[in-house]
Structures are given as structure tokens and as C-alpha cells.
Amino acid sequence: MLCALEKNTNTLKFILSFLILSNFTFAQENISFKKLISKTNEYLKFYEGISIYGKNSYSFDEIGISKKDQKNILKNKKDYEFVVKDSIGKYDLILFLQKKIMDNLNRVVTNTEFGKNDITQLLNSSELDIIKSDDGKLYNFSIDEKTGGTYKSRVSLMHYTALNNNVQKEEGSMNTKKSKVYEVFDGDGFTGIFSIPTTEGAKYVLTQQVRGCSLCFVTSAMLVDYKDGIFQKDFAYSLLSRDWERGVKYDPKTRMISVDYKTDDLITDCNCKNSIESESDNNDQDDSENEDQSNTFKCQCVFVFNGLNFELAKECKEKIKEN
């Protein structure tokens, strides 16, 4: 009985120790996640207050960044164009904050608490756009790159919840050479991500709207799937035109991609080609050079999802009569 009692006592001690350690670890993870969120929001707040059109330098006290960040910046002065004892140039500061924000976002999405929280509520800065797929598996985070000018470029980070966290950490780092997992997403972020279940697994439609100059706009839609460890592009259509209202649109209810535009100096003819097919066709020629650019056409394309990919269902070209 004594041996049995001693054995049971040791077992009880082990269980109690395990529960205490588990609770402590869980609390640490919670604190860590909360700190990551808090720090990311802090960097986003700093970033909101910086303008490319503002003054040329900012004092560390004025920005409010931590002593640790100040110390690291001063320690690595060679990596910056303008850093002195108590201040930093605006271009250096913008790049510094971009790196901090993206690195922190990458740490947030690879934290074990990420999937248990609504990240759109925790990271609520007006500086940050968060787009996630309707199945909650594919995310895009983006911020204004603040380069100045009319081209509104963005710094963008993708996250796929089914991706191994170690791969995600490497992919999200701004210091390492990235592999090709997210290569198809290079660009200025997205305005929508929509999942489509197929016999080959889930595929995703991503839409985009970017202002390229004061009167030139890019709208696009592409279909991707995750295969052999990377995202691959099955369909893509992109349009550069002078009209922000028209362009490329996707309807997730009907699973149709519609294109509607008038020709102009940027796009002189109607084109309803999947750019993936055009890229693979070495004999493909740009016929727009042979068009009479004095004419204006109304162009329409409709692509319908056939279960695996989008195929052209409607193509219209109408000459607009001049008054």
C-alpha cells in the first residue's frame, strides 16, 4: 500500500506540475500575442503620422519609438542615408517602419493564437488593409508604400493558413531571399479574395484595383491554386485604362469575370485573352499596333467558371459612332 500510495502521489505531483506548466505556457503565448498586436499597432500609428511630403527628418523623441529601436538604428547607421544621434531622415524612417510592420505581421500570423482571434478587429489601423478569403484560409495585408507621386504602390504580405509556419516565417521576412511560394502574388495587394471548391481542391480568385498615375487605372482578376508547394496561376486578366468606373470585375455568386471598357490611348483595341495563354504562346502578337487608333470601340468580355478554370463565354466589340 505504501508503494502504491507513493506511486500515486508522484503521479499526482506530475499531473499538477504539467497543468501548472501548461497554464504558464498558455499565459506566455497569450501575453506574447497581445504584445505583438500592441507593438504592431504602435508601429502602424507611427507610420500613419509620417508623410513623404512632410519634413525631411524626425527626432526620435518626436516619433516615440522605443529606446531599443533607437539603439538598433544608431548601431546600424551604415544601413541608412541620414541618421544622427537624435534623429532620422523621413525616407529611412519610412523603410524602417515598413520592415517593422511587415516583420511583426509575419510573427502575428505564425503565432498559435492567430486563428483564435479576429485579426481585423485587433489590427484596426486605417493605414492597414486586411483582405481574407471567404473560407478564412488566405490573407493579404498591405500598407501604402509612401513613395510619393500618383502611383499608389503598396507593400504587401500574403499568408496561407495551410502553409507550414516555418515556411511562412521565411516567406514573410524582408531580409531573406524568398522562394516561389507566393511569387504569383507579387504586386500592390488585393481588394478581394474568393474561394472556389473544385475537384482539384480549393482555388482562389483575387481581384485588384491600383491607381498607376493621375488618370490611369489597373483592374485585374486572377485564379490561383496551391499545388506542389507553391501557388500557381491558372487564369489572369489585367486592364490598364483611363476609366476607374469600368474595367475587370468578379461576381462570386455567379462565378463570372466581366470586362467592360472603351478603347483609349492606353488600350487601343478589344482583347479577351487569358494572359496565361498569351504568355505561353510564343507566336502571339499585339494586333493593337495595326489598329486605326482614331476609332473608339466599346469592348466586353465575360469569363465563366467551368468547374476548374475560367473560359471565355462572351466577346463583344462595338465601334462607337462619333458625334
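Which residue in S12 does Lys249 stand opposite? Lys249 faces Ser258 there. Here are some notes to read alongside the model.

1. **Ground rules.** This is a predicted model, in which local features need pLDDT of at least 70 and side-chain atom pairs count only at pLDDT 80 or more, while totals for chains, interfaces and linings use all residues. Residues are numbered from 1 along each chain as its sequence is written, and side-chain values use heavy atoms, with hydrogens and water left out.

2. **The open sheet.** Four strands make an open sheet in the order S11-S12-S13-S14, with antiparallel pairing. Strands are DSSP runs of E with at least two residues, helices are runs of H or I with at least four, and both are numbered from the N terminus. Two strands pair if DSSP finds at least two bridges between them; S11 and S12 (residues 256-262) have five. Strands S11 (247-251) and S14 (310-319) stand at the edges with a single partner strand each, so one side of each has no neighbour in the sheet.

3. **A stacked pair of rings.** Rings of Phe, Tyr and Trp (its six-membered ring) pair if their centres lie within 6.5 Å; planes under 30 degrees apart count as stacked, over 60 as edge-to-face and the rest as tilted. This gives 17 aromatic pairs. In one of them, the ring centres of Tyr182 and Phe231 are 6.0 Å apart and the planes are at 20°, so the pair is stacked. Tyr182 is in the loop between H6 (165-172) and S7 (192-196), and Phe231 is in S10 (residues 230-241), so the pair ties together parts 49 residues apart in sequence. Buried means under 20% relative accessible area, exposed over 50%, and partly exposed in between (1.4 Å probe, protein chains only). Tyr182, at 8%, is buried, and so is Phe231, at 2%.

4. **Salt bridges.** A salt bridge needs a side-chain nitrogen of Lys or Arg within 4 Å of a carboxyl oxygen of Asp or Glu, and the structure holds 14. One of them joins Lys100 and Asp69 at 3.5 Å, N to O. Lys100 is partly exposed at 24%, whereas Asp69 is buried at 3%.

5. **Follow Lys317.** Asp269 and Lys317 form a salt bridge, with their closest N and O atoms 2.9 Å apart. Lys317 also lies over the face of Phe297, 4.5 Å from the ring centre. For a charge to sit over a ring, NZ of Lys or CZ of Arg must be within 6 Å of the ring centre and within 35 degrees of the ring normal.
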